[in-house]
Amino acid sequence: MCGIIGYVGNKPVVDILLDGLKQLEYRGYDSSGIAVECDNQIKVYKAVGKLNNLREELSSHAYEISKANTGIGHIRWATHGVPNVINAHPHTCNCGKLAVVHNGIIENYKELKQKLEALGCVFKSQTDTEVVAHLTAMNYAKVNDLKQAVQLTAHEIEGAYALAIMHSDEPNKLVVTKRNAPLIIGVGEGEYYAASDIPAFIQHTNNAIYLKDNEVATLTPSELKIEDSEGKPIIAKVEKLPWEPVALSKMGYKHFMLKEIHEQPDVIRNILAGKLRCSDEPICLDEVKLNKDSLKKLNRIQVIACGTSLHAAMIGKYIIERFCQIPVDVEASSEYIYRSTVTDSNTLVIGVSQSGETADTLTAIKQAKAKGSHILIITNRPDSAMAREADSLLSVNAGIEVSVAATKSYIAQLTSFYLLALYMAEIKESHNIAEINKIKQEMLVLPQKIEQILVNKDNIKACARKYSSTRDFIYIARGINYPTALEGALKLKEISYINATGYPAGELKHGPIAMLDDTMPVLSILMNGSVYEKLLSNSEEAKARNAQMIALTNSTDKKLDELFDFIVRIPDVDEILSPIVSIIPLQLIAYYIAEFLGKDVDQPRNLAKSVTVE
Ligand code: M6R
């Protein structure tokens, strides 16, 4: 994980680095640092904790660094070594002339460290990154050229990395390279940026180059040179970036999470536009590159994902099996990659990822691709590493999601699964067309239903207030909303640190019911449909153990008032579509509880938005 940024040009670099790091905070926020070139020296400043601490640290050096216009910066999510100032990046070689920032993991750092220590290098930190500083400095001493030194280093290090390196003997210059980690170069007028992600520089330029694995780029204010690992020059394509800076503003909301929750109706509208116009027209999904024959030949579908994306995938299984009659397995990517999976050319493998960069999912996708499966990627980042592996790419277009807790990207993934399943069913003719059309009709009005929930959220806020002091929380559901229970619990855990668990309600009596007493809230996701009565009786069982009962329901049944201590009612919707509507109050409950508890909603402790390490 971690985020890196670099700048060469004629502008004062410090604010460019700090503003860029601010936009990369979703990648980590346990410490940060910058290195800038001042009077032919490299000056390094670091701080533990949020970026504001680094800003404060820099304020007492404002004058000496004000003229600097070349520098690199880093925001950290610790993998090797605790978050402290010494382990914060940039790391330097012993003479202090070379500084490096790194995102990723150097897997052979222990061997390299031993070798370098034997040659006299003195290590200060516990990080894997410091080997890059010493190794490149050693190589520099041999070749006296920063680019060549970095090329030599890249041949020796193993693992995943994006690196930005500067040397005081080569002023106004940065050398950057990458392998299995994102690095994008922003192309300005007489200036260049290099960063882990676009938001770090998009307020300055929307012209960008996606550096490829093993390429080494040399950036000076007047020139950009890119070479492959063997030193052969590369002519890179400059792309126009699609996202506007306005997407990164909170637009008046207190937190990005709240803003992103409120964006969900429009996210659905955007996805449906052009793909589902009206109920009696077939769904248009040209992105799916499987023809009727290959769709008919599919013998199974595997869906791989992590976290919230995994929950979307679990709902995807219900929908695809219901409409397409194809068996679907869903698995956490981190498990998938460490067993021998059965996939072949008649298996469709779907990777789901907001970021498109999650290391476990990326590895899983590559494994499946090597076995000849068709790879379909559902992602919010069409420019990501996963998207580049795709045979079919479903870009969910939810816009940049800043809050670590995924909300709108989840809704976008769900919407995409519905479209995909219905599209495949129409082509395969595997389901009753009248029912398909009825679902399509209901999908078109989902945004209004969500808007109704958002407008009437006071009751949800009251529910959050009532239960904000609880230490544990249980969510129960059955059928297609079981993953909703998991996702509701995940949202609460990650931003409020309350111990929350989702259960398939039928499992309660096989163990978890032992935990119930009058201190335990049990939230029942009670949607009209096939499992309504069953879940009602599971809720009765929990009530009989004195649990505090909360219903999230689209039923208008008055009898519920007797059973439940608190009821959150939402608009009615067909059971198959209910996960899209039922998750909204759960996102809001998690949000308001975290808010009442004074937690850092958008940047919860120990987490990062994009998990680019295994
Ligand atoms: O970018 P991805 O969708 O691949 O990320 C997967 C998980 O890391 C992510 O969903 C995580 O669980 C979120 N913080 C949940 O809100």
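**Entry 1: Ile-271**

I looked up Ile-271 and found that it counts as buried, because its relative accessibility is 5% and the cut-off for buried is under 20%. I note that the model is predicted. Ile-271 sits in helix 8, which runs over residues 264-272.

Which residues touch Ile-271, leaving aside its neighbours within four places in sequence? I listed Val-396, Ala-412, Thr-415, Ser-416 and Leu-419. I also checked Ile-271 against Glu-260. They are 11 residues apart in sequence, and their C-alpha atoms are 16 Å apart in space.

**Entry 2: Thr-379**

Next I went to strand 19, residues 374-379, where Thr-379 has its place. Is Thr-379 buried or exposed? I read a relative accessible area of 0%, so Thr-379 is buried.

I then looked at the polar side-chain atoms of Thr-379. One of them lies 3.0 Å from the backbone nitrogen of Arg-381.

I left aside the neighbours of Thr-379 within four places in sequence and wrote down its contacts. Among them are Ser-353, Gln-354, Ser-355 and Gly-356. Ser-384, Ala-387, Leu-393 and Leu-394 are also included. Val-396 is one of the contacts of Thr-379, and Val-396 is in contact with Ile-271 too.

**Entry 3: The ligand**

How many residues surround the ligand? I found 14. The closest are Ser-309, Ser-353, Ser-355, Thr-358 and Glu-494. Ser-353 and Ser-355 were already in my notes as contacts of Thr-379.

I sorted the shell by class. It has five nonpolar, seven polar and two charged residues.

Which helix gives the most to the shell? Helix 10 does, with three residues. Helix 10 covers 307-324 and helix 18 covers 482-496, and each supplies at least two residues of the shell.

I looked up distances to oxygen atoms of the ligand. For Ser-353, a polar side-chain atom lies 2.6 Å from a ligand oxygen. For Gln-354, a backbone N or O atom lies 2.7 Å from a ligand oxygen. For Lys-491, a polar side-chain atom lies 3.0 Å from a ligand oxygen. On its own it has 410 Å² of accessible area, and the protein covers 91% of that.

**Entry 4: Domains**

I looked up the domain assignment. It gives domain 1 as 3-248, domain 2 as 256-444 and domain 3 as 454-596. What separates the centres of domain 2 and domain 3, taken over C-alpha atoms? I noted 26 Å. Across this pair, 29 residues of domain 2 are in contact with 25 residues of domain 3.

I checked the peptide bond from His-89 to Pro-90. It is cis, with omega near 0 degrees. Pro-90 is in the loop between strand 4 (70-76) and strand 5 (91-92).

I then looked at Asn-40. Its phi is positive, about 60 degrees, although Asn-40 is not a glycine. Asn-40 lies in the loop between strand 2 (31-38) and strand 3 (41-48). I put Asn-40 down as exposed, because its relative accessible area is 61% and exposed means over 50%.

My last stop was Tyr-497. Tyr-497 is not a glycine, yet its phi is positive, about 65 degrees. It sits in the loop between helix 18 and strand 22 (499-504). Tyr-497 has a relative accessible area of 25%, so I wrote it down as partly exposed.

Conventions. Residues are numbered from 1 along each chain as its sequence is written. This is a predicted model: local features need pLDDT of at least 70, side-chain atom pairs count only at pLDDT 80 or more; totals for chains, interfaces and linings use all residues. Side-chain values use heavy atoms; hydrogens and water are left out. A residue is near a molecule or strand if one of its heavy atoms lies within 4 Å of it. A polar contact is a pair of N or O atoms within 3.5 Å; within protein, one must be able to donate a hydrogen and the other to accept it, and residues adjacent in sequence count only if both atoms are side-chain atoms. Accessible areas come from the Shrake-Rupley method with a 1.4 Å probe; for residues, only the protein chains shown count as cover. Helices (H or I, at least four residues) and strands (E, at least two) are DSSP runs, numbered from the N terminus. Ala, Val, Leu, Ile, Met, Phe, Trp, Tyr, Cys and Pro count as nonpolar, Asp, Glu, Lys and Arg as charged, and the others, Gly among them, as polar. Buried means under 20% relative accessible area, exposed over 50%, partly exposed in between (1.4 Å probe, protein chains only). Contact means heavy atoms within 4.5 Å. Domain bounds come from an automatic or database domain assignment.
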